[in-house]
Amino acid sequence: MTTDFAGHALPSENGFKTVLAIGAGAAALCCALGRKPGAVPANASAKPSDAAKTAL
């Protein structure tokens, strides 16, 4: 999926479209499997952890 240009291998248009399709598929899969924004796990405590307090 490359083309030769002045002795250098460059991605062809089909190569670019293939990589773009793979990236779009991966992004769609992440959206489908991801958590909803702002969702808190059931085992999360309401108080910040000691590590979070000292990180500031």
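Modeller: S12 touches M1, T2 and T3, leaving aside residues up to four places away in sequence; contact means heavy atoms within 4.5 Å. This is a predicted model, in which local features need pLDDT of at least 70, side-chain atom pairs count only at pLDDT 80 or more, and totals for chains, interfaces and linings use all residues. Residues are numbered from 1 along each chain as its sequence is written, and side-chain values use heavy atoms, with hydrogens and water left out.

Biologist: Why is S12 called buried?

Modeller: Buried means under 20% relative accessible area, exposed over 50%, and partly exposed in between (1.4 Å probe, protein chains only). S12 has 17% relative accessibility, so S12 counts as buried. Buried residues make up 4% of the 56 residues in the protein.

Biologist: Where is S12 found?

Modeller: In the loop between strand 2 and helix 1. Helices (H or I, at least four residues) and strands (E, at least two) are DSSP runs, numbered from the N terminus. The protein has two helices and two strands, in the order β-β-α-α from the N terminus on.

Biologist: What makes strand 1 and strand 2 a pair?

Modeller: Two strands pair if DSSP finds at least two bridges between them. Strand 1 (residues 2–5) and strand 2 (residues 8–11) have four bridges, in the antiparallel sense, so they meet the rule. T2 stands opposite P11 in strand 2. The two strands form a hairpin with two residues between them, and A6 in the turn has a positive phi of about 55°.

Biologist: How do you know that K17 and E13 meet in a salt bridge?

Modeller: A salt bridge is a side-chain nitrogen of Lys or Arg within 4 Å of a carboxyl oxygen of Asp or Glu. For K17 and E13 the N to O distance is 3.3 Å, so the pair qualifies. A search of the whole structure finds one salt bridge.

Biologist: Where do K17 and E13 lie in helix 1?

Modeller: They are four residues apart in helix 1 (residues 13–33), which means they are separated by about one helical turn. K17 is partly exposed at 47% relative accessibility, and E13 is exposed at 56%.
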